[in-house]
Amino acid sequence: MAGFRSLARQVRDPQSDLALRRYSLRKCLERFAPYGHRATWDHLCSRAGFGPEDRSPDPARLVAALDELEAARAVWLAYEAGFAARRRKEKHHGLRSPGAVDDWHRRTWGGFGVAWCDDPGVHPHAPLAEVLRRLITALEREPGTACPVCADTSLVWQHGLAHEPSSGAVCTGCGIVVPAPVLTPDAVAQARARRLRPLVSA
């Protein structure tokens, strides 16, 4: 099975068939997709300027989408390296019990779904790398009351998410499921008190 870097080379290879290059970019999302596969694909397509169902996009746009994905992956890999180094140091000093951030991080190792968007069409507009920097900053400070990506305080609790955990606080501003460790208990309680109401047609 090809790794991320091998797939990225295929996306950039001007000698490769365009369909293969597009397919390789989609396969990259099986290795790294911060919003989940479908939402990350929708995000990359919209930012690079081609349709999610476009079977023959401009190769330059495919490469632009890959560039954004690689930049975000570099941010996340640096965070994971720092996280691993910290845990080794803590274990060396006898701190064996992981905290809430550690539990959350263990479920997102590799970067899949770190900013999960359950609705593939609703996701942050900022570049992926910037979204991950904001999320990492929030993970490294005291919990707050707002979405770490867009600062929206309109968080609602949603059940039946297509991700683990299957429920969580969803930001109505940018669509991410806000990681529990970045929220105060009061913010979680307020989100639980709200529910996503079904849309009613006029």
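The axes of helix 1 (residues 4-12) and helix 2 (residues 18-28) come within 8 Å and cross at roughly 150°; helices here are DSSP runs of H or I with at least four residues, and strands are runs of E with at least two, numbered from the N terminus. This is a predicted model, in which local features need pLDDT of at least 70, side-chain atom pairs count only at pLDDT 80 or more, and totals for chains, interfaces and linings use all residues. Residues are numbered from 1 along each chain as its sequence is written, and side-chain values use heavy atoms, without hydrogens and water.

Helix 1 and helix 2 are therefore roughly antiparallel to each other, a label given to angles over 145 degrees. On the helix 1 side, the contact (heavy atoms within 4.5 Å) is made by Phe 4, Leu 7, Ala 8, Gln 10, Val 11 and Arg 12. Helix 2 contributes Leu 20, Arg 21, Ser 24, Leu 25, Lys 27 and Cys 28. Seven residues of this contact are nonpolar, two polar and three charged.

The largest pocket has a volume of about 300 Å³. A pocket is an open set of points on a 1 Å grid where a 1.4 Å probe fits, with protein on both sides within 12 Å along at least five of seven lines, and lining residues have an atom within 4 Å of a point. The lining of the largest pocket has 21 residues, and Trp 104, Arg 107, Pro 165, Pro 179 and Ala 180 lie nearest the centre. Helix 5 (100-107), strand 2 (168-171) and strand 3 (177-178) each supply at least two lining residues; helix 5 gives the most, with three. By class, the lining comprises 14 nonpolar, five polar and two charged residues.

Notes
Axes fitted to C-alpha atoms, helices over the stretch in contact; angles between N-to-C directions. Parallel < 35°, antiparallel > 145°, perpendicular 65-115°, else oblique. Nonpolar A, V, L, I, M, F, W, Y, C, P; charged D, E, K, R; others polar. Points joined across faces, edges and corners; volume = space filled by probe spheres on them.
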